[in-house]
Amino acid sequence: MDNSKFKRYTVTAALPYTNGPVHIGHLAGVYLPADIYVRYLRSNKRDVKFICGSDENGVPITLKAKREGITPQEVVDKYHKIIGDSFKEFGISFDIYHRTSSLTHHQTASDFFEKLYEDGVFTEEVTEQYYDEKAQSFLADRYITGTCPKCGNENAYGDQCESCGSTLNATDLINPKSTLSGEPPVMRETKNWFLPLDKYEDKLRTYIESHKEWRPNVYGQCQSWLNAGLQPRAMTRDLDWGVKVPVKGADGKVLYVWFDAPIGYISATKELANYAKLDVWNPKAEEYYIDQKSVSKFEYEEYWKSEDAKLVHFIGKDNIVFHCIIFPAMLMAHGEFTLADNVPANEFLNLEGQKISTSKNWAVWLNEYLVEFPEKQDILRYVLTATAPETKDNDFTWKDFQARNNNELVAIFGNFVNRVTVLTHKYFDGKVPTCMELTDIDNAVIEELKAYPAKISASIENYRFREALTEVMNVARLGNKYLADTEPWKLIKTDEDRVRTILNIALQIAANLEILIEPFLPFTADKLQKMLNYGGHAWEEAGSVSLLKRGHQINEPILLFSKIEDAEVQAQIDKLNNSKAQNEAANATVVPAKENVTFEQFGAMDIRVATIVAAEKVEKTKKLLKLTLDTGLDQRIVVSGIAEYYKPEEIIGQQVSLLANLAPREIKGIVSQGMILMAEDAQGKLSFVSPTQASTNGGVVR
């Protein structure tokens, strides 16, 4: 890939909705690959701005506010901080993590809309839109749910089905209903401003077909949209939360979230430029997670309106149409901005074989992971990169998380670094020994090492991050094999000079690993840099065997990684299973009521309080217990199917409710005289229906 024409890079990561924390699906799909790419560019001394921020407009925010009983502003303030703090602690190295609720963004988005409006780009159309008569409100796409016409999911939204990923219109839904009232909506006329995508179809086709190097899922989806024929799309909505439509006659309307959200990349860059020009640091910049030390003065136009600036959007596959069709059409209509050079969209990451669901809490939340696995950011970074859904959906499991840490990070990477640093301290007081005469095996290892940086660079430059990480780990494997083949611990007594050469080369491999691993595992790279006691090197120096000079003092070895124990993994699996159980309970359907009975029929049942005085399992059965009950009238035997929920010895003395006049019935050769009343929960678990305080045996239950 020829990047020589580019003097600077603008790298964006999809703006997360601030209606909840970030989970591993977001990380694997967007933020981690973007961060790897940016860290690699910086290591190559490229001029890059890494842009992101909270998407604080749109219906998901108002829906969250409604559910939590707070204002939309309180929602976005809460989750902007949670998400921003999590990103920072996880090492996602944004130059700015902005907010679309900022004045800069509102002004930038308004100015953009006004220019297109004044240039006559939009068409004004009166269309029929769903309206909730009970709530007396027009309904934006996300305020409508119904059955997806493509996959049958009964909880699809008016703009998208999260089950199959299809982009929809609200009118496509089967049996639509309002999320405000639960009532079926009606159609009413309303005026909105439309972007005539059909008029930009030829330009978009030319643009997209000039990028056949894009990932097949991106290129294919774009071609599918173009071949189906583009239609005008409304760029305004009837809502009271968001960027107000800045034209006359637009009261009660805001910009469509997918009009204003991508403009958020521009406004964030503009905000960063504004803060970079300040002579006095403004503490408010901390709200946007701007690192003062990394900011130097620049003009935002250099990164958005210059042909020598390369724009790359990192997104998930559900955002392809917005970044490859709608946003480019907006930029074409505006006329001043450059278009994206690449849009590396990942597929979806599943969790333990199931689709990640925020509403069902079937997710691994980043903020929770950081608390439950302190100082283990790089383990998650490693596993998510190694299993990244770059070309197809992939699956994250906690067992794989454990195995990759223990078998790869600990046993391969950590083991190599530990061995070479421990041996250097043991044999040469922690000083880099002199490289003496080289053998064929030394030369072969040196030549192999030299080839790795170019291979890793090619993979990263082409957005193949899994492949790149594999090659970095192969450098660690090279180091382990070199030590295993040369066995310096055996040679030290007979050929100290040979050991000097071996450990010198092994230490150079370790120093190379620090450079090569930094885009992927920055915390590990920092630890390794401190252990090797040097200030680090740029990517261009990777492949060298003279990174550490003769006599250089390295620090005491520390373990880069530690094993993940079974109990830690099981705790996470149990946490997910508890979420699943809670969801099943919340969504369980209640058994329909039976037909009415007369009072006389009810009165014919003789229900009594009884106490279990003896209990034992019924042989050759899993579910049955033989119970002896004191009914106050007599002692009798009852066979009950509760063995899966209660042990015999645990229920002696338990008071129960007994249907005492049920006709006797033989079960497994035992005559059962009555039936114990049990309550069943959503998971099918049984529990006793018992008096809340001790009662006399034989007492009548009325």
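# Aromatic rings in a predicted model

Visitor: Which residues form one aromatic cluster?
Guide: Y31, F50, F87, F94, Y97 and Y289 form one. This is a predicted model, where local features need pLDDT of at least 70, side-chain atom pairs count only at pLDDT 80 or more, and totals for chains, interfaces and linings use all residues. Residues are numbered from 1 along each chain as its sequence is written, and side-chain values use heavy atoms, with hydrogens and water left out.

Visitor: How many aromatic pairs does the structure hold?
Guide: It holds 34. Rings of Phe, Tyr and Trp (its six-membered ring) pair if their centres lie within 6.5 Å; planes under 30 degrees apart are stacked, over 60 edge-to-face, and the rest tilted. One of the pairs is Y37 with Y463, which is tilted, at 5.2 Å centre to centre and 45° between the planes.

Visitor: Where do Y37 and Y463 lie?
Guide: Y37 is in helix α1 (residues 24-43), and Y463 is in the loop between α13 (440-461) and α14 (465-486), so the pair ties together parts 426 residues apart in sequence. Helices here are DSSP runs (H or I, at least four residues), numbered from the N terminus.

Visitor: Are those two buried or exposed?
Guide: Both Y37 and Y463 are buried, meaning under 20% relative accessible area, whereas exposed is over 50% and partly exposed is in between (1.4 Å probe, protein chains only).

Visitor: New topic: what sits over the ring of F298?
Guide: The charged end of K49, 4.5 Å from the ring's centre. That label needs NZ of Lys or CZ of Arg within 6 Å of the ring centre and within 35 degrees of the ring normal.

Visitor: And over the ring of Y452?
Guide: There you find the charged end of K455, 4.3 Å from the centre of the ring.

How values were computed
Helix = DSSP H or I, 4+ residues; strand = E, 2+ residues; numbered from the N terminus.
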